[in-house]
Amino acid sequence: MATANLPDSSYLSNTTQTAYLASGVSNQRDFFMEYEEQLKWQRIDSQMKVWLSHPEEEDEDGYVSPSLVSIKLASQLLDACKANSLPIPNWVVTNGDGGIVVNFESRDRKMAIEFDESGTQELRIFFNHRLVERRPFDFIGEFA
């Protein structure tokens, strides 16, 4: 298997080299961008599965993992992002009270969508680290 098309491939695993060669993607940059996106989605999907396997559990510090309601709503948002080729969230985290916060960042802008344990949704938008908008949010209504 030739790896002549790859630049210094010593930093790539054999699996990554094989995936690149098998992908048929002629542009190496496009391949790695797609590969990076897949890894980001895998990380998010993995975290959602962990929460789904232990909903509403309280840890030793008193933090509560996400409720089934917040997991379902966040999953719907994430599915909409995937289906519509929207940006991948920078992170998806628990709020510690049974909810989930989905964060998107781009340079000086940040958007956080929070789903609390009962399903209430809130949108927060920041510009240069300053909150510029905070309001109730219904992402299904916003995307319909």
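Buried denotes a relative accessible area under 20%, exposed denotes over 50%, and partly exposed lies in between (1.4 Å probe, protein chains only). The structure on display is a predicted model, in which local features need pLDDT of at least 70 and side-chain atom pairs count only at pLDDT 80 or more, while totals for chains, interfaces and linings use all residues. Residues are numbered from 1 along each chain as its sequence is written, and side-chain values use heavy atoms, with hydrogens and water left out.

**Stop 1: the sheet**

Select the strands to begin. Helices (H or I, at least four residues) and strands (E, at least two) are DSSP runs numbered from the N terminus; two strands pair if DSSP finds at least two bridges between them. The view shows an open sheet of 5 strands in the order 1-2-3-4-5, with antiparallel pairing. Its edge strands are strand 1 (91-94) and strand 5, each of which pairs on one side only. From one strand to the next, the twist averages 20°. Axes here are lines fitted to C-alpha atoms, for helices over the stretch in contact, and angles run from 0 to 180 degrees between N-to-C directions. Strands of a sheet pair through backbone hydrogen bonds, either parallel or antiparallel.

**Stop 2**

**Stop 3: strands 3 and 4**

Next, select strand 3 (residues 109-115) and strand 4 (residues 121-127). The two pair in the antiparallel sense over 7 bridges. Lys110 has Phe126 of strand 4 as its bridge partner, and Met111 has Ile125 of strand 4. In the hairpin of these strands, with 5 residues between them, pick Gly119, which takes a positive phi near 105°.

**Stop 4: strands 4 and 5**

Strand 5 covers residues 130-136. Strand 4 and strand 5 run antiparallel and are joined by 6 bridges. Glu122 stands opposite Pro136 in strand 5. The hairpin of strand 4 and strand 5 has 2 residues between the strands, and Asn128 takes a positive phi near 50° there.

**Stop 5: the salt bridges**

Now display the side chains of Arg and Glu. A salt bridge is a side-chain nitrogen of Lys or Arg within 4 Å of a carboxyl oxygen of Asp or Glu, and by this rule the count comes to 5 salt bridges.

Select Arg124 and Glu114: they form a salt bridge with the closest N and O atoms 2.9 Å apart. This pair links distant parts of the chain, Arg124 in strand 4 and Glu114 in strand 3, 10 residues apart. Arg124 is buried, at a relative accessible area of 14%, and Glu114 is buried at 18%.

Move on to Arg134 and Glu122, a salt bridge whose closest N and O atoms are 3.0 Å apart. This pair also links distant parts of the chain, with Arg134 in strand 5 and Glu122 in strand 4, 12 residues apart. Arg134 is exposed, with a relative accessible area of 55%, whereas Glu122 counts as partly exposed at 21%.

Show both pairs together: Glu114, Glu122, Arg124 and Arg134 are linked in a network of salt bridges.

Finally, select Arg135 and Glu133, where the closest N and O atoms of the salt bridge are 2.5 Å apart. Arg135 is partly exposed at 27% relative accessibility, and Glu133 is partly exposed at 30%.
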